[in-house]
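Hello,

Here is the structure you asked about. Please look it over first; my notes follow below it.

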Amino acid sequence: MNYSEKKTFFDELAPQWEEMYDAQKLMRINTIFNNELSFLKSPVLDMGSGTGILLPEFYSHFNHNSFILELDISADMLKQAQKIHPVNGVKYTQSDGHYLPLKPESFNSVVCFQVFPHFYNKQTVMKEIFRILKPAGYLVILHLMGHRELNEMHRQAGHAVKKDRIISAEKMAEHLEAHSFLLNKTVERKDLYLVTAQKPSLL
Ligand SMILES: C[S@@+](CC[C@H](N)C(=O)[O-])C[C@H]1O[C@@H](n2cnc3c(N)ncnc32)[C@H](O)[C@@H]1O
C-alpha cells in the first residue's frame, strides 16, 4: 500500500481517533508507563504519534525542560494532537518513519506505540531508529494486544492497512538483536506486546 493511500486513511480517522480511548484504556497506558517504562528519558521521539495520546504520559514523566517530537505521516493526526494536548516542549513533524529527518545520535528514547505494523520496510525503520538514538538510548515497541490479535484486527480494518502485519515479540527481539540492539524486555500475551531494547553505549 503506498504512502499517500495510508496517509489519507489516517487523515480521515484523525477527528474521531481519541474516541477509541476510554478511561480503562488510558489507565492501562498509564500503568504500563509507570511500571515498565519509567527509564525513558528526553529527548523522546513518538513515532506514528497520531493525535498525541502519549503526550500526557511524557509530560508527567519528564521535567519541564524535556523535548518531545511527535512524528506522523498524517498532518490531520498532528493537527488534532496540537488541538487536544496543547503542551509545552513539544514539536511536530509530518514525516515518514523510514526517512527520519533527524540528526544521528540526537534522541534518548524512541517510542513506537501502535505503529510498527504500518511500516512497509521494518528493517529500514530499525536502522533509522538506531541511527538517531544516542548511545544507551532506548527503543520501545508497544501494543495493547498480541501480534495475532493485531494482525487479525488489521485484516478487517480497511483496504489501506489490511496487509499490515507484525511478527511475534520474540521474533521482533531477534530482528532487533540482528540490527545491533541490546534486548531489555520482551513480553507478549493476548493483551500486551512490549519489546524494549537499547543501543549499546560503546560501539
Ligand atoms: C494506529 S495509529 C497509532 C497512533 C498513536 N500512536 C496511538 O496509538 O494513538 C498509527 C499511526 O501511525 C502513523 N503512520 C503510519 N505509517 C507511518 C509512517 N511510515 N511513518 C510515520 N507514521 C506513520 C499513522 O498516520 C497513524 O497516525
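Predicted model: local features only at pLDDT ≥ 70, side-chain atom pairs only at ≥ 80, totals over all residues.

**What was found**

β2 and β3 run parallel and are joined by 5 bridges. E70 stands opposite Y92 in β3.

The protein has 7 helices and 7 strands. Along the sequence they follow the pattern α-α-β-α-β-α-β-β-α-β-α-α-β-β. The radius of gyration is 16 Å, close to the 17 Å that the globule rule gives for 203 residues, so the protein is as compact as a globular protein of that length. Its C-alpha atoms fill a box of roughly 45 × 35 × 35 Å along the principal axes.

Of the 203 residues, 37% count as buried. Among contacts with a separation of 6 or more, 68% come from residues 24 or more positions apart.

There is also a ligand. Around the ligand are 19 residues, of which F10, G48, G50, S74 and G97 come nearest. By class, this shell has 8 nonpolar, 8 polar and 3 charged residues. Both α1 (3-13) and β2 (68-72) supply at least two residues of the shell.

Regards

Notes. Residues numbered from 1 in each chain as written. Near = placed C-beta within 6 Å. Helix = DSSP H or I, 4+ residues; strand = E, 2+ residues; numbered from the N terminus. Nonpolar A, V, L, I, M, F, W, Y, C, P; charged D, E, K, R; others polar. Pairing = 2+ DSSP bridges. Rg over C-alpha atoms; globule rule 2.2 N^0.38 Å. Buried ≥ 20, exposed ≤ 12 C-beta atoms within 10 Å, placed from the backbone. Contact = placed C-beta atoms within 7 Å.
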